[in-house]
Amino acid sequence: MQYVGSSSRLMRIDTPVGLLMGLYLRDAAGLEPVVAVEVPAVVPAVEIRADLAPLAVPAASVQWARWWDQELARQDGPGRGFHRPDRGFKGAELGALVDACHDDAARWSADRHHEASPLRTPGSENGLVAAVEAEIGRRARPFELTITVLPVAGSAGWRVSAGHVVVSRAFRADKAAYRQWLRQVIRESA
């Protein structure tokens, strides 16, 4: 996790292994959860595994959705930090899926986390607070913002809450579009 800003205006940039494992599990099992913040399929794509089909029951999708929403919300509270789907809440059906593909999910997630190392380094975020302060004619109010960067299809960003956004790697790589979007997020916090 990398930090940008001062003690009163802080942005955290991360690609949490726990969320990566959860996305691998969702895609490999072909789960279709209904969640508050839905992100596309992972990149590189994960093929649906036939061996997981008997375990990919509707209850597993419901449990995955509950886990996903909890993990995204966790960034706004005192218990910051992501938990892998094999830790914390899980139901029996989701637990069976985690057990069936844990090693593959861990390996895939570790590879994606390693690939993301340069993306977790502040880049486009540098100077945005100062630019917003110049636009609004005053210092920004204290705020914290977590930027979660995920390897998912498409170029987009999603607001989870006032203090948390999720962006695709492709969106963060599009410096102009990303800066324009993030500038608005910061402006609303400032």
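Q: Buried means under 20% relative accessible area, exposed over 50%, and partly exposed in between. With that in mind, why is Asp-104 called partly exposed?
A: In this predicted model, Asp-104 has a relative accessible area of 30%. That value falls between the 20% and 50% cut-offs, so Asp-104 is partly exposed.

Q: Why does Arg-49 count as buried?
A: The relative accessibility of Arg-49 is 16%. Buried means under 20%, so Arg-49 belongs in that class.

Q: What makes the pair Arg-49 and Asp-104 a salt bridge?
A: Their side chains meet with N and O 2.8 Å apart. The cut-off is 4 Å, between a side-chain nitrogen of Lys or Arg and a carboxyl oxygen of Asp or Glu, so the pair qualifies. This bridge links distant parts of the chain: Arg-49 is in the loop between helix H1 (17–29) and helix H2 (58–74), while Asp-104 is in helix H3 (residues 92–115), 55 residues apart.

Q: How do you know that Arg-107 forms a salt bridge with Asp-104?
A: Check the distance again: the closest N and O atoms are 2.6 Å apart. That is within 4 Å, so this pair is a salt bridge too.

Q: Which residues are linked with Asp-104 in a network of salt bridges?
A: The network joins Arg-49, Asp-51 and Arg-107 with Asp-104.

Q: What makes Glu-188 and Arg-159 a salt bridge?
A: The closest N and O atoms of Glu-188 and Arg-159 are 2.7 Å apart, and the limit is 4 Å, so the pair passes. It also links distant parts of the chain, with Glu-188 in helix H6, Arg-159 in strand S4 (residues 157–161), and 29 residues from one to the other.

Q: Are Glu-188 and Arg-159 buried, partly exposed or exposed?
A: Glu-188 has a relative accessible area of 45%, and Arg-159 has 33%. Each value lies between 20% and 50%, so Glu-188 and Arg-159 are partly exposed.

Q: How do you know that Trp-108 is buried?
A: Trp-108, which lies in helix H3, has 10% relative accessibility. The cut-off is under 20%, so Trp-108 counts as buried. Leaving aside neighbours within four places in sequence, Trp-108 is in contact with Leu-20, Tyr-24, Val-42, Pro-44, Val-46 and Pro-151. Take Tyr-24: it is 84 residues away along the chain, yet the two C-alpha atoms are separated by 7.5 Å.

Q: Why is the contact of H4 with H6 said to have 7 nonpolar and 4 charged residues?
A: Start with the two helices: H4 (residues 128–136) and H6 (residues 175–189) pack at an angle of about 60 degrees, with their axes 10 Å apart. On the H4 side the contact is made by Leu-128, Val-129, Ala-131, Val-132, Glu-135 and Ile-136, and on the H6 side by Arg-179, Leu-182, Arg-183, Ile-186 and Arg-187. Leu, Val, Ala and Ile count as nonpolar, while Glu and Arg count as charged. Sorting the residues this way gives 7 nonpolar, no polar and 4 charged.

Q: How many helices and strands does the protein chain have, and what share of its residues is buried?
A: The secondary structure comes to 6 helices and 5 strands. Buried residues make up 46% of the 190 residues.

How values were computed: Residues are numbered from 1 along each chain as its sequence is written. This is a predicted model: local features need pLDDT of at least 70, side-chain atom pairs count only at pLDDT 80 or more; totals for chains, interfaces and linings use all residues. Side-chain values use heavy atoms; hydrogens and water are left out. Axes are lines fitted to C-alpha atoms, for helices over the stretch in contact, and angles run from 0 to 180 degrees between N-to-C directions. Helices (H or I, at least four residues) and strands (E, at least two) are DSSP runs, numbered from the N terminus. Contact means heavy atoms within 4.5 Å. Buried means under 20% relative accessible area, exposed over 50%, partly exposed in between (1.4 Å probe, protein chains only).
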